[in-house]
Amino acid sequence: MPTDTKRVRGPEVSQSPSLFDCRPSVVPPSHGARADGRQRDQVDVRPVFVRCGLVSQAKGSAYIEAGDTKLLCSVYGPRETERKDETDMKCGRLTTDMRFAPFSCPERGSWIQGSQDKNFSLMLQESLQPALCLHKYPRSQIEVNVMVLENSGSVQAHAITCASLALADAGIEMYDLVLGCSIRQDGSSYVVDPTYSEESNWSSSEHQGGLTVAFLPSLNQVSGLQSDGEMAEETLTAGIRTCIEGCYKLYPVIQQALVKAVRRAQPPPPES
Amino acid sequence: MAAGFKTAEPLEYHMSFLKENCRPDGRELSEFRTTTLNIGSISTADGSALVKLGSTTVICGIKAELANPTVEAPGKGYIVPNVDLPPLCSSRFRPGPPGEQAQASSQFIADVIESSEIIKPEDLCIDRGKLCWVLYCDIMCLDYDGNILDACIIALLAALKNTRLPKVTVNKATCKPEIDLKERHELPVHKHPVGTSFCIFQDSILIVDPTADEESLSTSRLSVVTDEEERLCSLHKPGGTSLSAEKLQTCINRATARQREIQKLIEKVLNSVKAAQ
Amino acid sequence: MEVSAPSNVSLREFGCEQSLLSRPDGSASFVQGDTSVMAGVYGPAEVKVSKEIYDRATLEVLVQPKVGLPSVRERSQEQCVRETCEEALLLTLHPRSSLTLVLQVLHDDGSLLSCCLNAACMALMDAGLPMSCLFCGVTCAISAYGQIITDPTSAQEKESRALMTFAIDSKERKVMMSSTKGSFSVHELQQCVAVSQRASERIFQFYRDSVRRRYSKSL
């Protein structure tokens, strides 16, 4: 492995203390109530806290907190494209970068972006693109940067919501907001908006899988869909329906945050 | 009108304020922006703190891992600080490996840790020559509006004060460490270094806690780090216009006053965190 | 602990050779005791569009360690040297052009940063770039007994409890750059600055003598 000369270096190898944990790890139960008290097989999403305009330097920004999952997103642009070689200049370009802070997961991550981060970035870009009026921004690019400060599950879904909120806050013309929701199928039952331990603990039964949906609520269209694992066709369609339902639960909160941000930027004229 | 003047002649714009001994954001020359502190908000880290200095936001997360100590220093652990300026925090930073500013900041923080002995590397030793802790102190800027060095030091100090290391016992028979993640203890923090940064305008006007605009227009920067015993841990001036000894003394006096304010703030926030638990 | 400032500053033997490389526009090697640094200056030359500054020249400084790749420490030294040179050079005379200063460490036996600064200044002079003032670097170490040692060797650096490097300008002998390690009191700092200012006289005198020697034949 090439050494990283651009950072302060530590020892060659170091191990996470959780590897030497002397207590047996608790496997979350695959039936009954969930660890955080939410209901199984129901559209029971975690309460979210959203806020716009936290990053002063960015054109638009948003922060989302769902349970312990914390994400910050900032949007820069539209500005001149860096890559002049591309022939298609009629349409703007959307670039996304999603990164995990090294301290965001139970195991320390590396500073260098892994392939997982790149997959997340790509999914984010593909989910957001259909919602943006990119033809209004010829020869320019819009940059979306997402930073995961704490990963407590369903980061992909919340990143999509957070990014679309930041884009709206930046005043980028859009057809609709994009909301994200994910579920985890575990045998015959499923959990909505899974936490990190629910995502990473697999019981051995069949029909395991994860599903993330990006959804345009007022157009009633799905812009992004990612599923992994093994699921039957009916389960998958039912899962998508559940995710959409989850998105609708999120919608009023997001709308309110946007209205609040707009009010703050342009206070209503005083009534006289 | 004012906005146009600011864009067309930024230096003139700032100077017109500085001549009247005030700054565009309404502060006096030796006034800091409001400092807010949030400790322990990241549960996945062993210690964390978020600092806001005006709109500059910096987060520090500390993760402890186990490693073998070096042969040269068998009784010492490692402290690995890194500062990251991601493209998220300002449009001046590009994606990719850290740029010169991020690297120089990392080195500065590493020097402050070593010079001030905020944590003694000996305290991180578990089993001499065999096992020690590595403290990865990852500092990330979330909003870049100048003076990140001061914000980084506060975030680092507060995060270290918040760090709880799990209990380790080395099994005599297998020589393997056994860790109890539930039982944690505090890390001894020996010193409380706090930084104060200045900018010099037009070779003579000193301002404290510069914003990003002020930083880019100034002719020189200076950071003074002091601890609670009024000893200097670092006097970092990477170049720029020269400074007389009297001006230097003014800066040091301001820095010691600032150190007291910040130490009080950290204690206050830590107590409120403890009370909430 | 009280610091005793030496009445006369002792520097290790230092020397310099200019124009020893044929390819760069200006070059110098500076030797302080066993510490030795070679410097080369290229420019003013064409600048990359991304680095272009419309009203002055872009200065790039590269510090190459004796072995291995440059790391974070070198990057911090580069920043110190660059910002010092930027202040001394009249960069506005060469807008939209590039200047490159390469510092190759040949041997490090303490006081490396000050040796880099001295080599840089001599190389810039050799390149004939317009400057508003000259500068020199002085390193001071405070030993465990509270003595100030100027221009320490690496053994002395290791034993010291504080280490400071200053860049002093030739006009008013003020501090242009400062980089410190270890903790020290305000009084100690002031003494070190005073000692460095006295030491700088010797180095500036050396600059003057070496330039006089060099041009005495051609005039």
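This is a predicted model: local features need pLDDT of at least 70, side-chain atom pairs count only at pLDDT 80 or more; totals for chains, interfaces and linings use all residues.
Trainee: Start with helix 4 of chain A. What span should it have, and how far apart are its ends?
Mentor: It runs over residues 233–265, 33 residues, and should span 48 Å at 1.5 Å a residue. The end C-alpha atoms are 47 Å apart, which agrees. The expected span is 1.5 Å times one less than the number of residues. Helices (H or I, at least four residues) and strands (E, at least two) are DSSP runs, numbered from the N terminus.

Trainee: Where does helix 4 of chain A bend?
Mentor: At A:Leu250, by about 35°. A proline, A:Pro252, follows within four residues. The bend is the angle between axes fitted to the seven residues ending at a residue and the seven starting there.

Trainee: Which residues of that helix are buried?
Mentor: A:Leu250 is one of them. Buried means 20 or more other C-beta atoms within 10 Å of the residue's own; exposed means 12 or fewer, partly exposed is in between, and C-beta atoms are placed from the backbone.

Trainee: Why would the spacing look like that?
Mentor: An α-helix has 3.6 residues a turn, so residues three or four places apart point the same way.

Trainee: What covers them?
Mentor: The cover includes helix 2 (155–169) and strands 1 (48–52), 6 (179–186), 7 (189–192) and 8 (208–216), from chain A.

Trainee: And helix 4 of chain B: how many of its residues are buried?
Mentor: 15 of the 15, so that helix is largely enclosed by the rest of the structure. It covers residues 148–162 and reaches 21 Å from first C-alpha to last, close to the 21 Å expected.

Trainee: Switching to the core. Which residues touch the most other members?
Mentor: B:Ala155, C:Ala119 and C:Ala120, in the largest nonpolar core, which has 202 residues. Such a core is a set of buried Ala, Val, Leu, Ile, Met, Phe, Trp, Tyr and Cys residues joined through C-beta atoms within 7 Å.

Trainee: What is C:Ala120 in contact with?
Mentor: Leaving aside neighbours within four places in sequence, C:Ala39, C:Val81, C:Cys85, C:Leu101 and C:Leu103. Contact means C-beta atoms, placed from the backbone, within 7 Å.

Trainee: Interfaces next. How many residues are in contact between chains A and B?
Mentor: 37 from chain A and 46 from chain B. Strand 5 of chain A gives the most to the chain A side, with four residues. That side has 17 nonpolar, eleven polar and nine charged residues. The classes: Ala, Val, Leu, Ile, Met, Phe, Trp, Tyr, Cys and Pro are nonpolar, Asp, Glu, Lys and Arg are charged, and the others, Gly among them, are polar.

Trainee: How many residues are in contact between C and A?
Mentor: Four of chain C with four of chain A. The chain C side has three nonpolar, one polar and no charged residues.

Trainee: Which peptide bonds are cis?
Mentor: Among them, A:Gly77 to A:Pro78, with omega near 0°. A:Pro78 is in strand 3 of chain A. Another joins C:Gly43 and C:Pro44, with omega about 0°. C:Pro44 lies in strand 3 (residues 35–45) of chain C.

Trainee: What about phi at A:Asn220?
Mentor: Positive, about 55°, although A:Asn220 is not a glycine. A:Asn220 sits in the loop between strand 8 and strand 9 (221–229) of chain A. C:Ser111 also has a positive phi of about 55°. C:Ser111 is in the loop between strand 5 (98–107) and helix 2 (112–127) of chain C.

Trainee: Are those two buried or exposed?
Mentor: A:Asn220 is exposed, with 10 other C-beta atoms within 10 Å. C:Ser111 is buried, with 30.

Terms used:
Residues are numbered from 1 along each chain as its sequence is written. Chains are lettered from A and ligands numbered from 1 in the order in which they are written. Two residues are in contact if their C-beta atoms, placed from the backbone, lie within 7 Å.
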